[in-house]
Amino acid sequence: MNLHVRDVARLFGVSEKTVRHWIRGKDLPAHRVDDHYRFNEVELQEWAAAQKRRISLELFAPDGRLAELPSLGDALERGGIFHDVPGSTRDEVLKAVGQLPGIPRGIDRGLLYELLVGREALASTGVGDGIAIPHPRDPLVLQVAAPLALLCFLREPVDFRAPDGQAVRVLFLLLSPTVRCHLQMVSKLAFVLHDQALKELLQASAPESEILKRVRALEQDTSGPTVPAESE
């Protein structure tokens, strides 16, 4: 918990007054330490994704160099893109995802399922627009060698209790080798999911080549996704 109110304000490009308003009115996760607010980076990223708020990648890149963040495109190529993933409930879907061939050999799939269900018990990983980003809260337990992401198109829409009430049709499973890498991957994924062109590709279950092409283009374009600027 090394972030202060001023850091969070800079991260979101808003005033410190707005950050304090979010704490009171929008359940922004904050911890009181010596009468000051402190913020956990992972909780902050998850809140930003759920609230559909753009978050600056620069604070998570060494010396502001975005190219040095782990590549989401590479992570998707490692994990793979899967269609017609079965399941009529959230837990059935998570179990099916844990059995996909994109999960590295050596991963305890039963443990992965338990971690994913446990994470959902804390709060929904549904981020709205029919998208969910399940992930273990503690990535170190699974000991993957490199970050990977599985993109899953579900056979039928499933209720993940997302904030906007929409059933989930598209799911990204993130696995990372370190807490820092996990934070960076969540940050990048939340960043690219603000892009309207990518969301349209996801809604259309577009071919893998088109999705990867758009993700890589967004990673290289520091101007950001194609969305209107947010107000406070």
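Which residues are buried in α9? I will come to that helix once the overall picture is in place.

This is a predicted model, in which local features need pLDDT of at least 70 and side-chain atom pairs count only at pLDDT 80 or more, while totals for chains, interfaces and linings use all residues. Residues are numbered from 1 along each chain as its sequence is written, and side-chain values use heavy atoms, with hydrogens and water left out.

The protein chain has nine helices and seven strands. Helices (H or I, at least four residues) and strands (E, at least two) are DSSP runs, numbered from the N terminus. Of its 232 residues, 50% count as buried. Buried means under 20% relative accessible area, exposed over 50%, and partly exposed in between, with a 1.4 Å probe and protein chains only. Contact means heavy atoms within 4.5 Å. Among contacts with a separation of 6 or more, 68% are between residues 24 or more positions apart.

Now the sheet. Five strands form an open sheet in the order β3-β6-β7-β5-β4, with mixed pairing. Two strands pair if DSSP finds at least two bridges between them. At the edges are β3 (80-85) and β4 (126-128), each pairing on one side only. Helix α4 (residues 72-79) packs on the sheet, where it touches β3, β6 (148-158) and β7, and its direction makes about 65° with that of β6. Axes are lines fitted to C-alpha atoms, for helices over the stretch in contact, and angles run from 0 to 180 degrees between N-to-C directions.

Strand β7 (residues 168-175) runs parallel to β5 (residues 131-132), and two bridges join them. Ile131 stands opposite Val170, and Ala132 has Leu171 as its bridge partner. With β6, the pairing of β7 is antiparallel, over seven bridges; Leu148 is partnered by Leu175 of β7. Seven of the eight residues of β7 are buried, so this strand is largely enclosed by the rest of the structure.

Back to helix α9 and the opening question. The buried residues there are Ile211, Leu212, Val215, Leu218 and Glu219. Seen down the helix axis, they fall within an arc of 125°, so they line one face of α9. That arc is taken from the directions from the helix axis to the C-beta atoms. An α-helix has 3.6 residues a turn, so residues three or four places apart point the same way. The face turned away from the buried side carries the exposed residues Ser209, Lys213 and Gln220.

What do the buried residues of α9 pack against? They pack against α4, β3, β6, α7 (179-192) and α8 (196-203). Phe191 lies in α7 and is buried, with a relative accessible area of 12%. Phe191 and Leu218 are 27 residues apart in sequence and 8.9 Å apart in space, C-alpha to C-alpha.

Last, a pair of helices. The axes of α5 (residues 90-98) and α6 (residues 109-122) come within 9 Å and cross at roughly 145°. Contact residues include Arg90, Asp91 and Leu94 of α5, and Leu112, Tyr113 and Leu116 of α6.
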